[in-house]
Amino acid sequence: MKIVVVGATSAIAEHCCRLWVAEGPTELILVARDVTKADKISADLGVRGPGSAITVARGDFLDPAAIGALVQSAAASGPIDIALIAQGWLSHQETCQTDLAFCRDSIAINALSPALFAEAFARHFAEVGRGTLGIIGSVAGDRGRKANYTYGAAKGFLARYAEGMDHRFAGSGVRIVLIKPGPTDSPMTAAIKAEGRRVAPVEDVARTIVDGMKRGKPVVYAPPIWRAIMLVVRHIPRFIFNKLAI
């Protein structure tokens with residue numbers, strides 16, 4: 001089993017990798033910008049899954065040519081079975097409103113970068129006729145809210161993108177899985193946790209993701225309760241929704 005994880009230093013991605021190596025020998029390629037941190041994760045995974053082959057690759061997350069070359073390199077030794085696109089950045093909404101460069105960077109890393117990686121992996125999967133592509137979006141993409149609409153809009157873009165790719169590969173051996181985590185206990189949500197808001201254990205979220213990808217489910221809410229929560233949120237009438245501080 002060959003698995004490529006983009007944004008491998010994220011807490012969710014790391015815990016997914018822990019589950020994969022625990023299942024048996026795995027060829028795991030960790031793509032990250034922070035190679036030092038990725039090396040530490042690689043060493044830990046090597047202890048957890050001694051039969052696995054784990055390598056770290058430094059990735060340029062926005063250059064199309066570099067992204068294409070990286071996926072080609074990962075596939076050079078044989079077909080990729082699973083790809084997980086996990087990079088993301090919970091950017092500060094008020095800063096996005098006042099700093100246009102900051103806003104641009106938020107949209108680029110949360111929307112453009114995952115889309116470019118998705119196309120690169122999709123091209124490979126189309127060539128070999130099989131594979132599972134997991135794209136981490138967010139429940140924030142289900143409805144725009146004043147608290148995080150820049151981040152949410154980027155994740156909403158990914159939802160439509162994954163939906164289109166799922167349609168593109170319908171009936172083939174390629175499966176597209178859009179993953180929508182709710183607030184998860186990780187460094188990215190430290191501020192949310194400090195406010196006293198509930199966050200899901202990252203271990204539970206990772207297990208839901210790995211199981212959902214194994215089944216090839218088109219949309220995976222993690223934890224699953226968020227499917228019902230966001231169903232309600234999406235259907236709150238506008239005149240009521242606009243009075244809510246959410």
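1. Two strands are taken to pair if DSSP finds at least two bridges between them. In this predicted model, strand β6, residues 174-181, pairs with β7 in the parallel sense, and 4 bridges join them. Within this pairing, Ile179 is found opposite Val220 of β7.

2. The β6 and β7 pair belongs to an open sheet of 7 strands, whose pairing is parallel and whose order reads β3-β2-β1-β4-β5-β6-β7. Because β3 (53-58) and β7 (219-222) each have a single partner strand, they stand at the edges, and one side of each is left without a neighbour in the sheet. From one strand to the next, the twist averages 15°.

3. Turning to the helices on the sheet, helix α1, which spans residues 11-23, lies across β1 (2-6), β2 (27-32), β4 (82-85), β5 (131-136) and β6, and runs at about 170° to β1. Helix α8, formed by residues 202-215, also packs on the sheet, where it touches β4, β5, β6 and β7, and its direction makes about 160° with that of β6.

4. A further point concerns two helices that pack on each other: helix α3 (residues 64-74) and helix α5 (residues 100-128) meet at an angle of about 40°, with 9 Å between their axes, and the crossing of α3 past α5 is right-handed. On the α3 side the contact is made by Pro64, Ile67, Gly68 and Val71, while α5 contributes Leu116, Phe117, Ala120, Phe121, Arg123 and His124. Sorted by class, the residues in this contact of α3 with α5 are 7 nonpolar, 2 polar and 1 charged.

How values were computed. Residues are numbered from 1 along each chain as its sequence is written. This is a predicted model: local features need pLDDT of at least 70, side-chain atom pairs count only at pLDDT 80 or more; totals for chains, interfaces and linings use all residues. Side-chain values use heavy atoms; hydrogens and water are left out. Axes are lines fitted to C-alpha atoms, for helices over the stretch in contact, and angles run from 0 to 180 degrees between N-to-C directions. Contact means heavy atoms within 4.5 Å. A crossing is left-handed if the near helix is turned anticlockwise from the far one by less than a right angle, and right-handed if clockwise. Ala, Val, Leu, Ile, Met, Phe, Trp, Tyr, Cys and Pro count as nonpolar, Asp, Glu, Lys and Arg as charged, and the others, Gly among them, as polar.
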